[in-house]
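Me: I have a model open and want to go through it with you. Can we start with one loop and work outwards?
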Amino acid sequence: AELADVARHELAELGFFCTFWEFSNPAQIELARRLVELAPEGIGKVNFTCGGTEGIESALKMARLYHFESGHPERQWILSRRSSYHGVGYGSTAASDFEWLRQGFGPQPEGFAHLTPPWLYHAELYGDADPTDFLIAELEETLERIGPDKVAAFVGEPIMGVGGMLVPPEDYWPRVQAVLRQHGIL
């Protein structure tokens with residue numbers, strides 16, 4: 001009921017607004033201000049989208065643009081994980097790793113590589129290795145194969161939903177982040 005009341009109020013105030021280019025509205029400005037207050041230090045801008053697919057498409061483009069503007073246009077590769085789902089757009093489908101999402105749509109965009117996900121209940125994936133040690137070694141081997149200076153970003157869900165509600169080990173994301181930072185990868 002509370003959400004319906006808020007939505008009803010906002011619709012009465014502003015029934016439609018295009019958020020393209022430099023346009024905005026008071027509610028959007030207030031929300032952006034609040035999100036920046038809650039975000040980690042250094043995040044000072046907000047990009048609103050209509051949903052997850054558009055968010056991922058924008059993030060892929062921004063990652064590549066960031067490196068282009070930084071003088072590294074060769075940084076085009078996007079890393080993600082097998083059995084990940086990032087949306088139904090062209091780039092987001094390439095970042096996702098479900099073959100059935102791609103069938104019949106022709107060639108996918110180039111420059112995407114998929115890594116093993118943290119499937120802790122599939123110990124056979126990791127041999128005798130600690131799962132995080134295995135996953136970090138695979139990440140480092142992938143960077144070596146592609147060239148870390150060609151990788152723009154790593155896209156990964158904090159908890160993989162479509163892939164099986166996969167919660168990674170506590171040390172997974174900090175270790176992934178350390179490897180990415182070492183190589184200037186977003």
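**Notes on the model**

Reply: Asp128 is a place to start: it sits in the loop between E2 and helix H6 (131-146). Keep in mind that this is a predicted model.

Me: Is Asp128 buried or exposed?
Reply: Asp128 is exposed, because its relative accessibility is 87% and the cut-off for exposed is over 50%.

Me: How far is Asp128 from Ala63?
Reply: Their C-alpha atoms are separated by 35 Å, and the two residues are 65 apart along the chain.

Me: Let's move to the end of H6. Where does Ile146 lie, and is Ile146 buried or exposed?
Reply: Ile146 lies in helix H6. Ile146 counts as buried because its relative accessibility is 11%, and buried means under 20%.

Me: Which residues is Ile146 in contact with, leaving aside neighbours within four places in sequence?
Reply: Trp77, Leu79, Ala113 and Val151.

Me: How many bridges join E1 to E2, and how many join E1 to E3?
Reply: Four bridges join E1 (residues 77-81) to E2, and three join E1 to E3. E1 runs parallel to E2 and parallel to E3.

Me: Which residues stand opposite Ile78 in E2 and in E3?
Reply: In E2, Ile78 stands opposite Phe112. In E3, the bridge partner of Ile78 is Ala153.

Me: And what is the partner of Leu79 in E2?
Reply: Ala113 is the bridge partner of Leu79 there. Leu79 and Ala113 are also among the contacts of Ile146.

Me: Why is E1 largely enclosed?
Reply: Four of the five residues of E1 are buried, so the rest of the structure largely encloses that strand.

Me: What follows E1? Where is Ser83 found?
Reply: Ser83 is found in the loop between E1 and helix H4 (90-95). Its phi is near 60°, a positive value in a residue other than glycine. Ser83 also counts as buried, because its relative accessibility is 14%.

Me: Now the whole chain. How many helices and strands are there?
Reply: The protein has seven helices and three strands. Read from the N terminus, the elements run α-α-α-β-α-α-β-α-β-α.

Me: What does the C-alpha trace span, and what share of residues is buried?
Reply: The trace spans about 60 × 45 × 40 Å along its principal axes. Buried residues are 33% of the 186.

Me: What share of the contacts with a separation of 6 or more comes from residues 24 or more positions apart?
Reply: Such pairs account for 61% of those contacts.

Me: Last topic, the surface and the charges. What are the numbers?
Reply: The accessible surface is about 11,900 Å², and 60% of it belongs to carbon and sulfur atoms. There are 14 positive and 27 negative side chains, and the centres of the two sets lie 4 Å apart.

How values were computed:
Residues are numbered from 1 along each chain as its sequence is written. This is a predicted model: local features need pLDDT of at least 70, side-chain atom pairs count only at pLDDT 80 or more; totals for chains, interfaces and linings use all residues. Side-chain values use heavy atoms; hydrogens and water are left out. Helices (H or I, at least four residues) and strands (E, at least two) are DSSP runs, numbered from the N terminus. Buried means under 20% relative accessible area, exposed over 50%, partly exposed in between (1.4 Å probe, protein chains only). Contact means heavy atoms within 4.5 Å. Accessible areas come from the Shrake-Rupley method with a 1.4 Å probe; for residues, only the protein chains shown count as cover. Lys and Arg count as positive and Asp and Glu as negative; His and the chain ends are not counted. The place of a charge is taken as NZ of Lys, CZ of Arg, CG of Asp or CD of Glu. Two strands pair if DSSP finds at least two bridges between them.
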